Number of protein chains: 2
Amino acid sequence: MITPDKANPLRESREVFIKMVVSNWELQNQRLNGLLAKLPDERLLVSVAEGKNRAIYLLGHLVAINDGMISLLGLGERLYPELDELFVKNPDGKFDQIPSVAELKAKWTNLNQVLTGYFAELDAEEWFRKHNAISDEDFAREPHRNKLNILINRTNHQAYHLGQLIFLKA
Amino acid sequence: MITPDKANPLRESREVFIKMVVSNWELQNQRLNGLLAKLPDERLLVSVAEGKNRAIYLLGHLVAINDGMISLLGLGERLYPELDELFVKNPDGKFDQIPSVAELKAKWTNLNQVLTGYFAELDAEEWFRKHNAISDEDFAREPHRNKLNILINRTNHQAYHLGQLIFLKA
């Protein structure tokens, strides 16, 4: 946990921003984890609604997209880049062989631990620097398109799919 | 549009952060507006998935919850407090008489114009003050639970329901 630095108002203020964004991300994680804890694994093999994606696909999709933050934010090497082919670049049903629900749940839990560690260590200033998918020129014009903005965006993306996964609840 | 104030790094930093949060809210609005523009009104009378809420209920729910920000953030008088009874405090199907899709779409558009105006005028410092649903004591301990945090939370809430409304798309 970052300790607020009262002697430096700019730093303190940045730390409050970061806390706002990270805590909203954590809230979405808690909600998804709560849902996953309630559903038996085989329940995730069905579509969340008629003709829509299976829950297992959405779970793999969330692991892949959130794992992508590791490289986008320059935090390190991605954990599961091989999931992009199965869960991002192709639609549900394209492949017969995909990881099991248990495997994806384990990856999801591990990814969130790894991201939590990275986020806790990232310097406050660093969060407001450019991410790896925007040019120097664009970032000079649009400084709000920084690393922390990616986390806001990915949290909204996760909420969007949680709204779909929740349909599995009786 | 707020002009960044380069002479005051704390203010500039706050303005960048506000821009991040507001632009992510605007992005969610654009996505929902894009979907609404594609669907004939009668399409919103059906459930988004079997046994789930009707789209008209979700639209009313989003108007009511986002309208609630006006009082929560101390911006002024709410526009449509009467919608809470229909779309927040009670589940879909409880009332025979609810506003029409056309009426709710008009309220949605008007609400977003009004909120956009309020947000543009709100002073950067004011966004980081406490909202009206947290005590002074709690806010002293948790300064991240400020007005801007409400907008982050409501944007995630909107993304969650957009993930459901999108199921109406063919």
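How many residues of chain A are in contact with chain B, and how many residues of chain B take part? In this predicted model, 34 residues of chain A are in contact with 34 residues of chain B. The size of an interface is often given as the accessible area lost when the parts come together. By that criterion, chain A and chain B bury about 2,900 Å² between them, and 68% of this area lies on carbon and sulfur atoms. Of the area that chain A buries against chain B, 22% is supplied by A:Met20, A:Tyr160 and A:Phe167, more than by any other three residues.

Two helices of chain A, H1 (9-38) and H7 (147-165), each supply at least two residues of the side of chain A that touches chain B. Helix H1 of chain A gives the most to this side, with 13 residues. By residue class, the side of chain A that touches chain B divides into 18 nonpolar, 12 polar and four charged residues. With regard to polar interactions between the two chains, seven residue pairs are in polar contact, counting pairs with both residues at pLDDT 80 or more.

The fold of chain A was examined next. Chain A contains seven helices and zero strands, and its elements run α-α-α-α-α-α-α from the N terminus on. Along the principal axes, the C-alpha atoms of chain A fill a box of roughly 55 × 35 × 25 Å. Chain A has 170 residues, of which buried residues make up 50%. The accessible surface of chain A comes to about 8,100 Å², and carbon and sulfur atoms account for 50% of that surface. Among contacts in chain A between residues at least 6 apart in sequence, 66% join residues at least 24 apart.

Over all chains, the structure holds 23 salt bridges. One of them joins the side chains of B:Arg11 and B:Asp123, with an N to O distance of 3.1 Å. B:Arg11 lies in helix H1 (residues 9-38) of chain B, whereas B:Asp123 lies in the loop between helix H4 (101-121) and helix H5 (124-127) of chain B, so the pair ties together parts that are 112 residues apart in sequence.

A second salt bridge in chain B is formed by the side chains of B:Asp67 and B:Arg78, at 2.9 Å from N to O. Here B:Asp67 belongs to helix H2 (residues 55-72) of chain B and B:Arg78 to the loop between H2 and helix H3 (83-87) of chain B, the two residues being 11 apart. B:Asp67 counts as buried because its relative accessibility is 0%.

B:Glu142 and B:Arg145 also form a salt bridge, in which the closest N and O atoms are 2.7 Å apart. B:Glu142 is partly exposed, with a relative accessible area of 29%, and B:Arg145 likewise counts as partly exposed at 29% relative accessibility. In chain A, salt bridges that share partners join A:Glu125, A:Glu126, A:Arg129 and A:Lys147 into one network.

Key
Residues are numbered from 1 along each chain as its sequence is written. Chains are lettered from A and ligands numbered from 1 in the order in which they are written. This is a predicted model: local features need pLDDT of at least 70, side-chain atom pairs count only at pLDDT 80 or more; totals for chains, interfaces and linings use all residues. Side-chain values use heavy atoms; hydrogens and water are left out. Contact means heavy atoms within 4.5 Å. Buried area is the accessible area (1.4 Å probe) that two parts lose on being put together, summed over both. A polar contact is a pair of N or O atoms within 3.5 Å; within protein, one must be able to donate a hydrogen and the other to accept it, and residues adjacent in sequence count only if both atoms are side-chain atoms. Helices (H or I, at least four residues) and strands (E, at least two) are DSSP runs, numbered from the N terminus. Ala, Val, Leu, Ile, Met, Phe, Trp, Tyr, Cys and Pro count as nonpolar, Asp, Glu, Lys and Arg as charged, and the others, Gly among them, as polar. Buried means under 20% relative accessible area, exposed over 50%, partly exposed in between (1.4 Å probe, protein chains only). Accessible areas come from the Shrake-Rupley method with a 1.4 Å probe; for residues, only the protein chains shown count as cover. A salt bridge is a side-chain nitrogen of Lys or Arg within 4 Å of a carboxyl oxygen of Asp or Glu.
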